[in-house]
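Here are my notes for you, point by point. Keep the model open beside them and look up each residue as you go.

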Amino acid sequence: MFIKKSRILSVLLVLLVFCIFVLLLVPFNLHSMSSAKTQHTDQPLIIAHRGASGYAPENTLAAIDLAMKSDAQMIEIDVHLSKDGHVIVIHDKTVDRTTNGSGAIKEMTLDELQQLDAGSWFDEKFAGERLPTLQEVMKRINGEKKLLIEIKSGIKAYPGIDRKVAEAVLEANALDWCIVQSFDTPTLKQINDQWPQITLHKLIVFKFRWLPLAFDGGITSFSNKKYDFAEAINPHYRFVNRRFVRNRQNAGLKVNVWGGKAPDSYEKIRHIPVDGWITDFPNLH
Ligand code: G3P
Ligand code: CA
């Protein structure tokens, strides 16, 4: 009898923990979809993710060129630092997934990196695409669209990457069209301390409902004030609702969502008045 009772208690406890977990993690937009269906009229800014990466190998000049011909007003890229201190445009910290080579970016020189084929993995017709530098991408965009530069791994992994990126923006006189974003708060803070004229965005994955916590690499406390160096907070699209967006906007922050991997990813959150969609599939002209 005693064993039975304790079993029932254990099952109830597991159920309770599961329910709490689901309540905290269920995508916020499920709730907001049922509560507020009004379409907002302002069109979100279209931000081409890793270039127009749905159509061309991510973070290459081919993807940038397609994004330039799309309806995106802004283009997002990711950067790492090479062994000889060049800012390389690539998403992963190794070249393994998106080139025909292998190894860590920080262990390779620019010359070694630019000998790799960064296009064939996506489609043979892109064979010969190279890993571009930040400066090469900036030259290609040349202020005709905005550029959102994501520092993937921060100053701990790459001491000095803050300065390299800031100098590229300042030397190109590109303050009005370049923005720096990162999940890494210390990196953004350091940039803000030294170059407050650079526009910054704070990336997060999600904020727990009701709790002042967000996931941005680890669980950290969230407050608008904590991120007051940023122009925008950029969360995963599955974790935004109308209240989250309005609260940030009332505090003077913008909200751009990311994570939409399919052309119609953002259809279900059309009613939420976010400021921007970071998408692999901007419309091509
Ligand atoms: O712009 C935000 C988004 O790019 C973050 O995710 O992994 O695609 O860089 P990831
Ligand atoms: Ca990115």
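1. Let's begin with β8 and β9, which run antiparallel and are joined by three bridges. Two strands count as paired if DSSP finds at least two bridges between them. For a landmark, look for F215, which stands opposite I219 in β9. Helices (H or I, at least four residues) and strands (E, at least two) are DSSP runs, numbered from the N terminus.

2. A word on what you are looking at: this is a predicted model, where local features need pLDDT of at least 70 and side-chain atom pairs count only at pLDDT 80 or more, while totals for chains, interfaces and linings use all residues. Residues are numbered from 1 along each chain as its sequence is written, chains are lettered from A and ligands numbered from 1 in the order in which they are written, and side-chain values use heavy atoms, with hydrogens and water left out.

3. The open sheet here has three strands in the order β7-β8-β9, with antiparallel pairing. Its edge strands are β7 and β9 (219-221), each of which pairs on one side only.

4. Compare that with β5 and β6, which pair in the parallel sense over four bridges. Here S182 stands opposite K202 in β6. Strand β6 (residues 199-203) has four of its five residues buried, so it is largely enclosed by the rest of the structure. (Buried means under 20% relative accessible area, exposed over 50%, and partly exposed in between, with a 1.4 Å probe and protein chains only.)

5. Which residues coordinate the calcium ion (ligand 2)? They are E76 (OE), D78 (OD) and E150 (OE), at 2.1 to 2.2 Å. The spacing of these donor residues in sequence is E-x1-D-x71-E. E76 lies in strand β2 (residues 74-81) and E150 in strand β4 (residues 146-151), so the pair ties together parts that are 74 residues apart in sequence. E76 is buried at 2% relative accessible area, and E150 is buried too, at 4%. Donors are N, O and S atoms within 2.8 Å of the metal (3.2 Å for Na, K and Ca); water is not among the atoms, so sites may look incomplete.

6. Next, ligand 1. The residues around it include E76, D78 and E150, along with H91, Q181 and W258; a residue makes this list if one of its heavy atoms lies within 4 Å. By class, the shell has three nonpolar, three polar and five charged residues. (Ala, Val, Leu, Ile, Met, Phe, Trp, Tyr, Cys and Pro count as nonpolar, Asp, Glu, Lys and Arg as charged, and the others, Gly among them, as polar.)

7. A polar side-chain atom of D78 lies 3.3 Å from an oxygen atom of ligand 1. The protein covers 91% of the 290 Å² of accessible area that ligand 1 has on its own, by the Shrake-Rupley method with a 1.4 Å probe.

8. N173, in the loop between α6 (161-171) and β5 (178-182), has a positive phi near 55 degrees without being a glycine. W210, in the loop between β7 (206-207) and β8 (213-215), has a positive phi of about 70 degrees and is not a glycine either. Are these two buried or exposed? N173 is exposed, at 65% relative accessible area, and W210 is exposed at 62%.

Conventions:
A polar contact is a pair of N or O atoms within 3.5 Å; within protein, one must be able to donate a hydrogen and the other to accept it, and residues adjacent in sequence count only if both atoms are side-chain atoms.
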